[in-house]
Amino acid sequence: MMRELLKKRAELTSLIRDFFVEKEFLEVDTPSLSPALIPEAPIEVFGTSYIDPYGEESEGAQELFLIPSPEVWMKRLLSEGSGSIFQLAHCFRNAESLGRIHNPEFTMLEWYEVDADYLDELEVAEELLTRLSQGSETKGLCPPVHRITVEQAFAEYAGIENLAGLDFNGLFEAGRRAGINLSASAESYEDVFHTILVDRVEPALPVDRPVALIDYPDAVPTLAQRKTGTPWAERWELYAGGVELINCYTEERNRERVQNFFETETKRKTRARVPHPPDLPLIEEMAERLPVCSGGALGFDRLLMLLSGQKSLEGVILFPLSAILNQQ
Amino acid sequence: MIKAGQIDKGMCLLFRADPYLVAEREFVNPGKGAAFVRLKLKNLKTGQVLRETMKTQEQVEDIHVDDYPFQYLFADGDSYHFMNTENYEQIEIPMAGDEEKQNYLKEGETYDIVLWDETPIDIKIPYKMVFVVTEAEDAVRGDTVTGATKTVKVETGLQVKVPIFINQGDKILVNTESNEYVERVNT
């Protein structure tokens, strides 16, 4: 049983490696620790510290944080001219539930292609899924990928038309008219947006094929580039079997927008359980040196769960935290 | 009050002025959004099932419910009548939405009633119950096919598929969730 799982993980790892190596991406291996991170209000992190063996006790320790994604390091490599890169990285997200689709430590496939945009990467993702789902009976993973814009999906599955024209108040009203409980969720545009997404859109997505939700509202703060002349961000999310599997952007390089993102998210981060400093030098890297590129992040364990027909991540992660904690 | 993130399966909540049982709970963290909990709630008064999504930071009212033993007396068309076996106090529980419970209520038998603030909200039917067969056709002679069944009626009116050797007056153990025959009882 354990041996079977080890084999499956190893096989999937090498299939992914072969795929990206053939495409001339370079595999990289970046640190799990960082003294600062990209501020993302919804994500709680794990904090730890480095102790200088020769330092005075009074000096205290150097705070470090476990990365919630390898983005901080991979973007630095891209800025220094790495070219297209990929990595299978252990990532850490605190204060998430244990169970079916979450484990606080998980494996992420993150890749960046230089001189490419988000739609190029949708092709890459489709090719990757075609390769990986060969011989699998999991229909939800087998291309072609069904493409639908977020605006179409809101109209079709939540009955909310013309998402482009709705501001915070407009979306709130439309959501309420659609019978969605927004009473305590009305703090911000993205809160209302995500409530509708989680309550109506996600559960209604087809599960017999992969679905890409394309063009998210730019009002949902991310580091995705804005689609020129539109209210949309160049971002897609791919769902397989109803599970959020891949997130992809054309990476933001505009100084003002990167700065804005860091500022608003840092403000919202003040409520974080584990506060961390924002990675300010990264703003400079992204604004000055980051090449045109697009990055995708795929939940490796979720992919394996779907490929092997498991119902929960606990069936594919070697030592899920829920089991580790139960042994204590 | 508790945070929605603390909701667990099996808990009871007061939601829009009605008591609900949490039948299913799943946490969802959109990669770039706040944490949510998706719930399947069962209205304990009407049985109606509701799907709700809440932010895990949202406040919800958890309620305390308790089981008490009551003796079943009779049904009058609108309500089931029960009696508290300790103080002989009688209560009525509306039948609306719960009509099929009648199939499992035997006069004089004791059942656990779920009370919330003295309001009865649910009758707990034991998972397995013994019934007396009140109507059964005789097995057709020569019908010896293994696994052959027939349908009988028990004292509450419930119809159960049983093996052909079961006769009127026999006592049988029945699974009350599936209405399947389990075995003949020899007492």
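A salt bridge is taken here as a side-chain nitrogen of Lys or Arg within 4 Å of a carboxyl oxygen of Asp or Glu. The structure is a predicted model, and under this criterion it holds 34 salt bridges over all chains. One of them pairs A:Arg289 with A:Glu285, whose closest N and O atoms are 3.4 Å apart. Both residues belong to helix H8 of chain A, which spans residues 280–289. They are four residues apart, or about one turn of the helix. The two partners fall into separate accessibility classes: A:Arg289 is partly exposed, at 43% relative accessibility, whereas A:Glu285 is buried, at 15%. A:Glu285 is placed in the buried class because its value is under 20%.

Salt bridges that share partners link A:Arg100, A:Glu202, B:Glu26 and B:Arg38 into one network. Within this group, the side chains of A:Arg100 and B:Glu26 meet with an N to O distance of 2.3 Å. A:Arg100 sits in the loop between strand E5 (85–92) and strand E6 (105–114) of chain A, and B:Glu26 in strand E3 (residues 18–28) of chain B, so this pair joins two chains. The relative accessible area of A:Arg100 is 36%, which makes the residue partly exposed.

A:Glu202 and B:Arg38 form another salt bridge of the structure, with 2.9 Å between the closest N and O atoms. Here A:Glu202 is part of helix H6 of chain A, while B:Arg38 is part of strand E4 (residues 36–43) of chain B, so this pair too joins two chains. A:Glu202 counts as buried, with a relative accessibility of 5%. B:Arg38 is partly exposed, with a relative accessible area of 21%. In general, side chains of opposite charge can pair when their charged atoms come close.

The interface between chain A and chain B was then described as a whole. Chain A contributes 26 residues to the contact and chain B contributes 18 residues. The two chains bury about 2,000 Å² between them, and carbon and sulfur atoms account for 47% of this area. On the side of chain A, the greatest losses of area to chain B are those of A:Pro42, A:Asn181 and A:Val198, which together make up 26% of what that side buries. Four salt bridges are counted between the two chains, among them the pair of B:Glu26 and A:Arg100.

Helix H6 (189–204) and strand E10 (243–250) of chain A each supply at least two residues to the side that touches chain B. Helix H6 of chain A gives the most to that side, with seven residues. By residue class, the side of chain A that touches chain B consists of seven nonpolar, nine polar and ten charged residues.

A:Leu313 of chain A was examined in its local setting. A:Leu313 is located in the loop between helix H9 (300–307) and helix H10 (321–327) of chain A. With a relative accessible area of 3%, A:Leu313 is buried. Apart from neighbours within four places in sequence, the contacts of A:Leu313 are with A:Gly99, A:Arg100, A:Ile101, A:His102, A:Asn103, A:Asp301, A:Arg302 and A:Met305. A separation of 26 Å lies between the C-alpha atoms of A:Leu313 and A:Asp191, which are 122 residues apart along the chain.

Chain B is divided into domain 1 (2–62), domain 2 (66–124) and domain 3 (128–185). Six residues of domain 2 and nine residues of domain 3 take part in the contact between these two domains of chain B. The centres of domain 2 and domain 3 of chain B, taken over C-alpha atoms, are 26 Å apart. About 600 Å² is buried between domain 2 and domain 3 of chain B, 58% of it on carbon and sulfur atoms. B:Asn103, B:Tyr104 and B:Lys106 provide 87% of the area that domain 2 buries against domain 3, more than any other three residues.

Zero salt bridges are counted between domain 2 and domain 3 of chain B. Four residue pairs, both residues at pLDDT 80 or more, are in polar contact across this interface. The side of domain 2 that touches domain 3 of chain B comprises three nonpolar residues, two polar and one charged.

Note on methods. Residues numbered from 1 in each chain as written. Chains lettered and ligands numbered in written order. Predicted model: local features only at pLDDT ≥ 70, side-chain atom pairs only at ≥ 80, totals over all residues. Heavy atoms only, no water. Domains from an automatic or database assignment. Contact = heavy atoms within 4.5 Å. Buried area = accessible area lost by both parts, 1.4 Å probe. Polar contact = N/O pair within 3.5 Å; in protein donor to acceptor, adjacent residues only side chain to side chain. Nonpolar A, V, L, I, M, F, W, Y, C, P; charged D, E, K, R; others polar. Buried < 20%, exposed > 50% of the residue type's maximum accessible area, 1.4 Å probe, protein only.
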